[in-house]
Amino acid sequence: MAEIVYPPVIATARTLFRIMDYRFHLEGTEHIPRSGGAVLVSNHISYLDFIFAGLGALPSKRLVRFMAKEEVFKHRISGPLMRGMHHIPVDRGAGAGSYATALRMLKAGEVIGVFAEATISRSFTVKDIKNGAIRMAQATKVPLIPMALWGSQRLWTKGRPKQLTQRHVPITILVGEPLYPKRGDDMGELTSELHTRVSGLLDRAQRTYPEIPQGVWWQPAHLGGTAPTPEEAAAMDAAEAERRKD
């Protein structure tokens with residue numbers, strides 16, 4: 001695919017990172033293969049996660065094609081950029097087309113990025129995950145690579161005002177060892193294992209983060225923060241879904 005848009009977007013992002021003096025910590029980037037298809041599965045805590053998850057693949061000189069909700073592609077600013085970077089729009093009411101596109105790109109040797117929780121986690125823990133990423137890896141015989149992000153929620157997350165002018169924010173990006181799901185493997189066990197691995201990476205990112213204050217909104221409740229508990233977050237998500245029906 002012609003890469004007219006992606007490289008200048010990356011260059012612009014890196015310039016902004018330097019200006020804002022984000023403090024990046026990356027580990028495990030060697031697990032992302034330098035060639036061939038792969039499915040990258042990250043937790044989801046911020047509207048900016050695709051930027052930072054993509055950054056984790058750059059040491060391997062890979063460009064990640066993210067699966068993102070269709071609404072992002074309809075926006076007058078983000079839409080042309082997302083299409084130009086060959087990301088994949090997902091219609092939640094009819095996902096077969098996006099799934100087929102992802103399979104085709106994986107077979108062509110692309111890295112596909114998936115936020116398997118489907119929505120941002122308000123609790124900053126890993127929600128239940130969907131098995132689509134696993135099924136894609138099975139069907140195309142490519143590695144399934146877990147990833148965890150931490151710090152991006154401080155910049156822009158669900159239910160909080162944007163704080164994009166913050167400087168010196170630490171951003172942690174951890175990449176785990178790949179799984180190699182095969183046809184016939186138990187889907188429930190694979191889903192549980194992927195959840196465990198992403199959760200483990202996230203817990204390590206949270207506990208080794210350079211700033212661990214108590215009582216702040218961006219820290220999970222089990223680590224002394226005031227973020228909603230997973231149960232409270234689930235209730236908030238359910239209430240939001242009901243409002244959308246009205």
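Biologist: Starting with helix 6 and helix 7, is their crossing left-handed or right-handed?
Modeller: In this predicted model, helix 6 passes helix 7 in a right-handed crossing.

Biologist: And at what angle do helix 6 and helix 7 pack?
Modeller: Helix 6, which covers residues 132–140, and helix 7, which covers residues 187–207, pack at an angle of about 115°, and their axes are 10 Å apart.

Biologist: Which residues of helix 6 and helix 7 meet there?
Modeller: On the helix 6 side they are Ile134, Arg135 and Gln138, and these meet Met187, Leu190, Thr191 and Leu194 of helix 7.

Biologist: Let me pick Thr191, then: is Thr191 buried or exposed?
Modeller: Thr191, whose place is in helix 7, has a relative accessible area of 17% and is therefore buried, since the cut-off for that is under 20%. If neighbours within four places in sequence are left aside, Thr191 is in contact with Ile129, Asn131 and Ile134.

Biologist: Back to helix 6, how many of its residues are buried?
Modeller: The count is 7 of the 9 residues, so helix 6 is largely enclosed by the rest of the structure. The buried residues are Gly132, Ala133, Ile134, Met136, Ala137, Gln138 and Thr140.

Biologist: What do the buried residues of helix 6 pack against?
Modeller: Their partners are strand 2 (38–42), strand 3 (64–69), helix 5 (96–107), strand 5 (111–114), strand 6 (144–150) and helix 7.

Biologist: What follows helix 6?
Modeller: Helix 6 is followed by Lys141, which lies in the loop between helix 6 and strand 6. Lys141 has a positive phi of about 60° although it is not a glycine, and with a relative accessible area of 74% this residue is exposed.

Biologist: Where does Asp21 lie, and what is its phi?
Modeller: Asp21 lies in the loop between helix 1 (6–20) and strand 1 (23–27), and its phi is near 55°, a positive value in a residue other than glycine. Asp21 is partly exposed, with a relative accessible area of 24%.

Biologist: Changing topic to the largest nonpolar core, which of its residues touch the most other members?
Modeller: That core has 65 residues, and those touching the most other members are Val39, Phe52 and Leu144.

Biologist: What does Val39 touch?
Modeller: Not counting residues up to four places away in sequence, Val39 touches Leu106, Ile112, Val114, Ala133, Met136, Ala137, Val142, Pro143, Leu144 and Ile145.

Biologist: Now the loops: where does Ala57 lie, and where does Leu58 lie?
Modeller: Ala57 lies in the loop between helix 2 and strand 3, and Leu58 lies in the loop between helix 2 (49–55) and strand 3. Ala57 counts as buried at 0% relative accessibility, and Leu58 is buried too, with a relative accessible area of 18%.

Biologist: Where is Gln219 found, and is Gln219 buried or exposed?
Modeller: Gln219 is found in the loop between helix 7 and helix 8, and with a relative accessible area of 1% this residue is buried. Its contacts, apart from neighbours within four places in sequence, are Phe124, Trp150, Ile212, Pro213, Gly225, Thr226 and Ala227.

Biologist: Last topic, helix 8: how far apart are its end C-alpha atoms?
Modeller: They are 23 Å apart, which agrees with the 22 Å that the 16 residues of helix 8 (residues 230–245) should span at 1.5 Å a residue.

Biologist: Which residues of helix 8 are buried?
Modeller: Ala233, Asp237 and Glu240 are buried in helix 8. They cover an arc of only 60° around the axis, which puts them on the same side of helix 8.

Biologist: Why would residues a few places apart point the same way?
Modeller: An α-helix has 3.6 residues a turn, so residues three or four places apart point the same way.

Biologist: And which exposed residues does the face of helix 8 turned away from its buried side carry?
Modeller: That face of helix 8 carries the exposed residues Glu231 and Lys245.

Note on methods: Residues numbered from 1 in each chain as written. Predicted model: local features only at pLDDT ≥ 70, side-chain atom pairs only at ≥ 80, totals over all residues. Heavy atoms only, no water. Core = buried A, V, L, I, M, F, W, Y, C linked by side-chain atoms within 4.5 Å. Buried < 20%, exposed > 50% of the residue type's maximum accessible area, 1.4 Å probe, protein only. Contact = heavy atoms within 4.5 Å. Helix = DSSP H or I, 4+ residues; strand = E, 2+ residues; numbered from the N terminus. Expected span 1.5 Å × (residues − 1). Arc of directions from axis to C-beta. Axes fitted to C-alpha atoms, helices over the stretch in contact; angles between N-to-C directions. Left-handed = near helix turned anticlockwise from the far one by under 90°.
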